[in-house]
Amino acid sequence: MKILLVRHGETDWNVQKKIQGKTDIPLNEAGVRQAEELAEKLAGWERPIIGIYTSRLKRAAKTAEIIAKKLQMDYEETDGFEEIDLGLWEGASWAKAAVDFPEEYKIWHDNRRYTRSPEGESYQDLLERFLPALQRIVRDKQYEEGDIVVVTHSADIMTIMSCINDTPFYEMAKRYKTANAAVIEIGTEKILELKA
């Protein structure tokens, strides 16, 4: 069994390079098409899909809905799979956040695992909600044959990949940045071994 981590389809804020975080931005037309193409790919997947779980944010839930419809399955909105909360930086570009919050941004940039953005979360906060939610699903499904789809967000995927590969968090964007509607396969045994 594998977990297929899926990043949601494209939004207008992705195109505009705005920080989304927990701001609930819907898919744009291109994002819907990406989700439909991904659903086609998953319909022909080499192993059966035995569950579809998603963040509650519109961009992820719509991606999951499109996949589920194609696979003629239900999907489940799941607490813990939301994007990192980036507080006062949401809606700005990364460059603007660095200019408007120079001290906070530098501290966060150098130690993002444990430093929170102003009124937001740290990546450790994200890990402490995301990992247990993943582990619960793996334990619930561990005796079934097939793969689990989890529709989530860029920060969630980068965080879990950094943990699995023991990568410093300041390198996550360089090493694990994930395109919209991309699929990252992870062995469930690795998920169960991790500790937040």
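**Group meeting: a walk through the predicted model**

Ser 117 sits in the loop between α5 and α6. Setting aside residues up to four places away in sequence, Ser 117 touches Asp 85, Leu 86, Gly 87, Trp 89 and Trp 108; contact here means heavy atoms within 4.5 Å.

A word on the source. This is a predicted model, in which local features need pLDDT of at least 70, side-chain atom pairs count only at pLDDT 80 or more, and totals for chains, interfaces and linings use all residues. Residues are numbered from 1 along each chain as its sequence is written, and side-chain values use heavy atoms, with hydrogens and water left out.

Now the sheet. Five strands form an open sheet with mixed pairing, in the order β3-β2-β4-β1-β5. Helices (H or I, at least four residues) and strands (E, at least two) are DSSP runs, numbered from the N terminus, and two strands pair if DSSP finds at least two bridges between them. The edge strands, β3 (76–77) and β5, each pair on one side only.

Strand β1 covers residues 2–7, and five of its six residues are buried, so the rest of the structure largely encloses it. On one side, β1 pairs with β5 (residues 183–187) in the antiparallel sense over five bridges, and Ile 3 has Ile 186 of β5 as its bridge partner. β1 also pairs with β4 (residues 147–152), in the parallel sense and over five bridges; there, Val 6 stands opposite Val 151. β4 in turn pairs with β2, again parallel and over five bridges, with Ile 148 as the bridge partner of Gly 51.

Thr 188 counts as buried because its relative accessible area is 11%. Beyond its neighbours within four places in sequence, Thr 188 contacts Met 1, Lys 2, Ile 3 and Val 138.

Next, the cores. A nonpolar core is a set of buried Ala, Val, Leu, Ile, Met, Phe, Trp, Tyr and Cys residues joined through side-chain atoms within 4.5 Å. The largest one has 36 residues, and those with the most contacts inside it are Leu 5, Phe 81, Trp 89, Leu 134, Val 150, Ile 160 and Ile 191. Which helix gives the most to this core? That is α6, with nine residues. Val 150 touches Ile 3, Leu 4, Leu 5, Val 6, Tyr 53, Phe 81 and Leu 134, again not counting residues up to four places away in sequence. Apart from this core lies another, of 19 residues, including Ala 35, Ala 39, Val 149 and Val 151.

Last, a helix pair. α2 (residues 29–43) and α3 (residues 58–71) pack at about 40 degrees, with their axes 8 Å apart; axes are lines fitted to C-alpha atoms, for helices over the stretch in contact, and angles run from 0 to 180 degrees between N-to-C directions. Among the residues making the contact are Val 32, Ala 35 and Leu 38 of α2 and Ile 66, Ile 67 and Lys 70 of α3.

How values were computed:
Buried means under 20% relative accessible area, exposed over 50%, partly exposed in between (1.4 Å probe, protein chains only).
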